[in-house]
Amino acid sequence: MDTDSVKEFIRREVPDWDDEVVATARFKAFSGQRSDWETKFQFWRDLIIKVSRHFGVFIIDPVQVKKTWFGGGMTPLCIDHVLLLMHSEGDVVPISQLESPVSGRLSRLLRSVRSLVAQTSSVKPGEILENELVIVPLLKEKAADVVRLLSEGHWTSTCVVTLNKFRNLCNGSNEASAVLSHLTGCGKAHKISVNRGELIEGVKVSFSEAALPSVSTLDCDILHLLRTTEKLQNQLEVTDQRCEMSRKSALTSLKSGHKKVALRHARELKLATESREKCTSLLNRVEEVLNTIADSESTKMVSEAIKTGARVMKDIKISPDEVHDYLEEIEETIQSQKEVEKALESAPYPDIDDENIEEEFIKLEMELESESSQVRPTTSDTADSLTEMFSELKLVNTKQILEEQATEPVRMKDSGKKILEAA
């Protein structure tokens, strides 16, 4: 990891990194209660994880973190305390405490018990600060990324890869051991070791949530074939280099006039070319065998799917003839829909003349004008009739009011007479 790149990234993430006043307070050792320095601890913890994630590492050296990442003018006095707290909270773990991928179930159980006992007892700071530390959150992210990359090249629920390929995916041997240890502890991977004249190591990885099946004889055979493929590919690369060197040497010798030397290099080129052809033929055969195995696995999966479909059909009591009839009906519906679409696409649109449209528009305008001329007198007649009705209503109301006023004294007189007679 380049020191200048680390410092540049830190300055981007922490704008006030070069501020002497802020840096002096930030680089001091923790003192007092945790509430007094909790913010500083979270700052350093997050910064360590950010730097590691940005540069694609999850195994860190405490000395390098203290002196190279954050060192320079001033050295932070709290980094040791930060790493110890991260260890106690489960954010980091010494790489020596990771369980071995080849250990059995009983040994893993015993190691878990020992780790629990170690957590309850006091841990010496030297045991943590003097060893490489694995950042647990980033380890989990890397393991998930490796499983995703492997699943993209396989559509089965499991796969077998050589240990070399697994290391290349993890970007190193130590990283591969840590990732394999994590996956083994989660029940997502098994390490395979086969002795076929030489020790061949590989990894079996699961892509599903189901429990990973144990290593079978077929897995060992596939691993042997994959290792053979790797060896043949390496041999091809070496042979290609020999061919290129022999060709260049022959051309150089010819230009300088050394025909005998050029002839010798030409013979070496011919032998290397023949060796390459044989190696290519063997590699093609091995790849054909691997493809045949993959095809057989896919055939097995398809047959299992067919059996499942037959069992479901039997359970819901649907005969194959009914299924065939349903499929024919669907096919007929689709075919008729396609015919309708074709007919609509092929139907010619009539040519419409703009002059005809203008003539129709003029006719419509004339009809509207004639209708408006007929509507106006009727509206005036209606207005006149309404005026006459209102005038009649006014006259009638006036007559009624006068008659009521004339009859009111008579009513009063009659009522007076009745009162006197009663007296």
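Helix α9 (residues 163-170) lies across β4, β5 and β6 and runs at about 95° to β4. Here helices (H or I, at least four residues) and strands (E, at least two) are DSSP runs numbered from the N terminus. Axes are lines fitted to C-alpha atoms, for helices over the stretch in contact, and angles run from 0 to 180 degrees between N-to-C directions. The model is a predicted one, in which local features need pLDDT of at least 70 and side-chain atom pairs count only at pLDDT 80 or more, whereas totals for chains, interfaces and linings use all residues. Residues are numbered from 1 along each chain as its sequence is written, and side-chain values use heavy atoms, with hydrogens and water left out.

The secondary structure of the chain comes to 14 helices and 6 strands. Of its 423 residues, 24% count as buried; the term buried denotes under 20% relative accessible area, exposed denotes over 50%, and partly exposed lies in between (1.4 Å probe, protein chains only). Accessible areas come from the Shrake-Rupley method with a 1.4 Å probe, and for residues only the protein chains shown count as cover. Among the contacts in the chain with a separation of 6 or more, 68% are accounted for by residues 24 or more positions apart. A contact requires heavy atoms within 4.5 Å.

The sheet that helix α9 lies across is considered next. Strands β4, β6 and β5 form, in the order β4-β6-β5, an open sheet of 3 strands with antiparallel pairing. Its edge strands are β4 (158-162) and β5 (189-195), each of which pairs on one side only. From one strand to the next, the twist averages 25°. Two strands are taken to pair if DSSP finds at least two bridges between them. In general, strands of a sheet pair through backbone hydrogen bonds, either parallel or antiparallel. Strand β4 is joined by 5 bridges to strand β6 (residues 199-206), and the two run antiparallel. The bridge partner of Val160 in β6 is Lys204.

Lys204 also takes part in a salt bridge, in which its side chain meets that of Asp219 (2.8 Å, N to O). This pair links distant parts of the chain, with Asp219 in helix α11 and Lys204 in strand β6, 15 residues apart. Both partners are covered: Asp219 is buried because its relative accessible area is 8%, and Lys204 counts as buried because its relative accessibility is 4%. Helix α11 (residues 217-256) also contains Thr229, which counts as buried because its relative accessibility is 10%. When residues up to four places away in sequence are not counted, Thr229 touches Leu283, Val286, Glu287 and Leu290.

A salt bridge is defined as a side-chain nitrogen of Lys or Arg within 4 Å of a carboxyl oxygen of Asp or Glu, and the count by this rule comes to 19 salt bridges. In one of them, the side chains of Glu89 and Arg34 meet (2.6 Å, N to O). Distant parts of the chain are linked by this pair, since Glu89 lies in the loop between α5 and β2 (92-94) and Arg34 in helix α3 (residues 34-54), 55 residues apart. Glu89 is partly exposed because its relative accessible area is 39%, and Arg34 is partly exposed because its value is 33%.

A further salt bridge joins the side chains of Asp145 and Arg148 (2.4 Å, N to O). Both residues lie in helix α8 (residues 136-152), 3 residues apart, which is about one turn of the helix. Asp145 counts as partly exposed because its relative accessibility is 24%; Arg148 counts as partly exposed because its relative accessibility is 40%.

Helix α5 (residues 79-88) has as its buried residues Ile79, Val82, Leu83, Leu85, Met86 and His87. Just after α5, Gly90 adopts a positive phi of about 85°.

On the surface, Leu327, Ile330 and Ile334 form a nonpolar patch with about 270 Å² of accessible area together. Patches are made of residues with over 30% relative accessible area and no salt bridge; like charges are joined within 9 Å, and nonpolar side chains (Val, Leu, Ile, Met, Phe, Trp, Tyr) within 5 Å. Within this group, Ile330 is found in helix α13 (residues 320-346). Ile330 counts as partly exposed because its relative accessibility is 49%.
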